[in-house]
Structure formats: structure tokens, C-alpha cells
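Hi everyone, thanks for coming.

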Amino acid sequence: MSNELALRDRTPDLYRQRHARLAEHMIEESIPALLLVDPNDIFYATGAMNMQVFSARTPARYLLLIAEGPTILFEYRGCEHLASHCDTIDEIRQAQGLDTVSSGGTVNTSSRSMAAEVASELRSLDISEVGIDRFPFTAVDALRSQGLTVVSAEPALVNSRAIKLPIEIEFMREAMTRVEAAVQRLELAAEPGRTESEVWAHFHFELMATMGHHTVTRLFQSGPRTFPYFQECGDRILQAGDLLALDTDANGYENYCVDFSRTFLCGDSAASDEQKRLYSAAHEQLSWNAGLLAPGIEFSELAARAWAVPEEFRASRYYCIGHGLGMSGEWPNIPHAETGEPYPLTGAVEPGMVICIESYVGSVASGQGVKLEDQFLIGDEGVEPMSTYHFDSRLSA
């Protein structure tokens, strides 16, 4: 945490710059106001954080951001003091609960109260349109009943977050340093005789101890649970010679995501020829596709030139070539090219994007799989790996 003191002093500037950037994109997209309930969106816009996991499933705090006007945080009752340090916020009011539980059973009344208050604020500024993210349908209906035109907040949010500000990169680098330390702790703890969950807990402990926020998955699996992919850690006991696959999927320092994957060999046993074969293919896929990344390359070209997944592995391949990253998996999500079908994603890799390249190679016959992934920063002249954690040399062919 060598950078912590210097970065801590810069968080107000980080919040101000993100707030200004989002307002600029709102103006570009002709969205005069945003009403946001997603806690990641609120934090990105203001730096105000409160019970992020709880808030992700309970619509009981929300933000009204006016591109050329005030920013008002409607905070969970009893928590109004938590964002008093945020100079991105002009006013803090008490929020209404917008589902059955948080409203105390009066969701329709609470939704109407929220909508009336928001509409009154917007009408005072001669605004009749508002962009929203993930509000419950009762809240959306209530906003429309106030005569507001409700549109998606995504054009402003997606475009603002896709390109990182220079100050954001500093915080993302620090998040990476801390999460790599957590992966090291997991690797050292990954001994035969321990359960997957017990070993993964070492990763989670280090993440929390170094001011991380949460993980969005528990993707750590062993042996026969490495195929098919997406099996989260459980009570299986690690055995010597197992493949161990980890995807970090961590919201680390200042809520910035760190997303890379490594597959290790458990214990002191030598890797089998089959394990080396799978690992070699996964590493080749990762290296090949990462080598295609460049500022300006069209997504369609990247997909057309991507590593050709052998037929043996196609059915279980990872669902995309790669994806953007910020405070979650973000735009772009780069799909594979499919023969005879038009490529669905337009646009290009741009400087300032953070892109994760994915690889998964699994075998039906051997019941094993290898997951690898790296995180990259796209620069003006080239590409920089952000994840530098070592690969397991015992698995290299």
C-alpha cells in the first residue's frame, strides 16, 4: 500500500473529474438529467458509497444528477451524514424505499412520493426528460405519471465510463497491486487437504484487509470442477495434481475492478501431459488475442483475426473474446465472430479503455479446464499489460 497516502489525498479530485465527465456526456447525449439507483453508478458519479451489496438489491437510495444544475443524493434513512464529505453533491435528502420491503409495504405510495419530488425539482429547471438506470417498474410508472419522459441512462453512463480518465488509471494500478497480493496469498494457501472455499477465503481476506470492497463471483474451482467452467468454490477438498482455476472478479481499492485469471497446479506433483496440453492451448489463445489489441482496431477485425478455437474446445469456449473494465465488467463486450452471421458490435478499441482478454480451454474427455485472463490498458501508441502475475511454469509444455 505504498501509494495509499498520496492517492487518498487525491480522491476528491477523482470524484470531481468523474462527475464532470459524466455531465459532459449527458450534454453530448442530450440527456438533461439522470436518476440513478445502481450503487456503482452513484459512486462513479459522486464518490458517495453506502452498503454497496445491499444497495445493489434494495432500491432505497438514489441520485438525481442534472447536467447543468444541482446534484441531489436521496440517501437511505439514517445515513444522510455518510456523503457529507462529497463536494460533488449539492444536497442530501432522505430517500423513499422503492420496493415492498424497503417501503414498509407501501411501495406504490413511496414510488409516487419519489416521483413527485423528482418531477418538482426537474420542472423548476424546465426539464421534462430524465435518464434512469435500474429502477423498479412501479417507480418508472410513477415517474411517467408525473408527465416525465423516461429514457435510458446507458448512453451517457456507458460512454463516460468506457474511456478512463488519467487519474482513474492511477487508482486502477493500485487496485491491481493489492489484488495481485491477494492472489499470491491464495496460491500459497492452495495445499492438498483444504477445501476450495477455505483456500478462496485467503484471497478474500487479503482483498478486505487492503481496502477492497467485494468480489462479484466466487470463481475458484479444482480438479473435475474446472470443467465445465463457471463453477464457484465449494466444499471439494483439493487433491495433489489438481488444476486450480481462479478468476479474481474483485472490486478492489476505490471500488475499481481487477479482473485476471490464473490456473495453478496443486501440490508438488508433476503436471500431466493432458494438463500441459490444455494449458498450452489456453496460453496460446490469451497471447494471440492480446497481441491483436491496438488502439484503433475495429471490434469486428479483432474478432475476425482472433485465435481459432479448435473444434474440440468450441462448445465450452468462453462466451466472449474480451470485455471492458472499470467498476464492473463494462463496454465493450466483444463477442466471437460466427460464420455466416453479421458481426453485431460496432466500434473500435480506443485509447483510455481497459480491456480484459479471456481464455478458457476445457476438455470433455479429461474433465478438466484451464482459465487464463489478463487486463490491459490501451494507450495512444500501444497496449500495456496491467496484470503481471506469473503463470505456473509447471504447466507450461
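**A short tour**

Helix 2 and helix 8 cross in a left-handed way, and left-handed here means that the near helix is turned anticlockwise from the far one by less than a right angle, with clockwise being right-handed. The residues in this contact are Thr 11, Asp 13, Leu 14, Gln 17 and Arg 18 from helix 2, together with Ile 167, Glu 168 and Phe 171 from helix 8; contact means heavy atoms within 4.5 Å. Sorted by class, the contact has three nonpolar, two polar and three charged residues. For the classes, Ala, Val, Leu, Ile, Met, Phe, Trp, Tyr, Cys and Pro are nonpolar, Asp, Glu, Lys and Arg are charged, and the others, Gly among them, are polar.

Before I go on, this is a predicted model, where local features need pLDDT of at least 70 and side-chain atom pairs count only at pLDDT 80 or more, while totals for chains, interfaces and linings use all residues. Residues are numbered from 1 along each chain as its sequence is written, and side-chain values use heavy atoms, with hydrogens and water left out.

Back to our pair: helix 2 covers residues 11-28 and helix 8 covers residues 166-189, and they pack at an angle of about 130° with axes 9 Å apart. Helices (H or I, at least four residues) and strands (E, at least two) are DSSP runs, numbered from the N terminus. Axes are lines fitted to C-alpha atoms, for helices over the stretch in contact, and angles run from 0 to 180 degrees between N-to-C directions.

Now, is Gln 52 buried or exposed? Gln 52 is buried, at a relative accessible area of 9%; buried means under 20%, exposed over 50%, and partly exposed in between, using a 1.4 Å probe and protein chains only. You'll find Gln 52 in helix 4, residues 52-57. A polar atom of its side chain lies 3.4 Å from the backbone oxygen of Pro 39. Leaving aside neighbours within four places in sequence, Gln 52 contacts Pro 39, Asn 40, Phe 43, Arg 61 and Asn 255.

Met 49 is in the loop between helix 3 and helix 4 and is partly exposed, at 24% relative accessible area.

Last, let's visit Gly 324, in strand 13 (residues 320-325). Gly 324 is buried, with a relative accessible area of 0%. Beyond neighbours within four places in sequence, its contacts are Gly 329, Glu 330, Trp 331, Pro 332, Val 354 and Ile 355. Two of those names come back here: the peptide bond from Trp 331 to Pro 332 is cis, with omega near 5°, and Pro 332 is in strand 14. Another cis peptide bond joins Phe 227 and Pro 228, with omega about -15°.

That's the tour, and I'm happy to take questions.

Methods. A polar contact is a pair of N or O atoms within 3.5 Å; within protein, one must be able to donate a hydrogen and the other to accept it, and residues adjacent in sequence count only if both atoms are side-chain atoms.
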